[in-house]
Amino acid sequence: MRAFTAAELTRLRAVDTSTLGDESGLGFTAVISRVTAGDDPLARTVVVASLACGRLTDLDQREKELVPGMAAVSRAFKVKAEVNTAVTRGLRFISGGLDYFIRYVSQHPVSDPQFYYLFLEDDGVNDE
């Protein structure tokens with residue numbers, strides 16, 4: 001594996017800054033979906049086709065206990081995302097063949113959101 005060149009890092013920082021307002025991660029997009037009524041747990045209806053996000057961060061037990069409803073979750077993640085009012089608790093966060101349950105959405109700052117933190121549970125479902 002080779003290291004990024006200075007030009008590649010500059011380009012990645014520019015993309016992060018334009019997408020999320022800072023250099024919090026390398027950035028990617030995710031699909032936000034709703035589980036469709038019925039028997040198929042993989043049936044989805046797209047709510048947001050492309051949500052810009054920072055990198056996924058593992059939550060340790062201390063961090064999980066600070067987020068409502070996350071203390072008992074075995075594998076939990078946090079991701080910084082652009083503001084989109086269609087993104088709510090209970091939807092699915094899908095990226096790179098992985099499918100996560102959105103447990104909690106935190107707006108920052110609360111009074112005038114500039115970005116969201118999405119708290120995700122890896123509940124073993126994948127979209128493949």
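Arg-92 and Asp-123 come together through their side chains in a salt bridge, with N and O 2.9 Å apart. A salt bridge here is a side-chain nitrogen of Lys or Arg within 4 Å of a carboxyl oxygen of Asp or Glu. This pair ties distant parts of the chain together: Arg-92 sits in strand S5 (residues 92-95) and Asp-123 in the segment after S7, 31 residues apart. Helices (H or I, at least four residues) and strands (E, at least two) are DSSP runs, numbered from the N terminus.

A word on the model itself: it is predicted, so local features need pLDDT of at least 70 and side-chain atom pairs count only at pLDDT 80 or more, while totals for chains, interfaces and linings use all residues. Residues are numbered from 1 along each chain as its sequence is written, and side-chain values use heavy atoms, with hydrogens and water left out. As for pLDDT, that is the predictor's confidence in each residue, from 0 to 100. Its mean over the protein chain is 83, and 81% of the residues reach 70 or more.

Asp-99 in turn pairs with Arg-44, at 2.8 Å between the closest N and O atoms. That link, too, spans distant parts of the chain, from Arg-44 in strand S2 (residues 44-53) to Asp-99 in strand S6 (residues 98-108), 55 residues apart.

Through shared partners, salt bridges join Arg-44, Arg-92, Asp-99 and Asp-123 into one network. The structure holds 6 salt bridges.

Lys-64, in helix H2 (residues 61-66), is another story. Lys-64 is buried yet has no salt bridge, and the nearest side chain of opposite charge, Asp-60, is 8.0 Å away. For charge, Lys and Arg count as positive and Asp and Glu as negative, with His and the chain ends not counted. Leaving aside residues up to four places away in sequence, Lys-64 touches Leu-59, Met-70, Ala-71, Val-73, Ser-74 and Ala-76, where contact means heavy atoms within 4.5 Å.

Notes
Buried means under 20% relative accessible area, exposed over 50%, partly exposed in between (1.4 Å probe, protein chains only).
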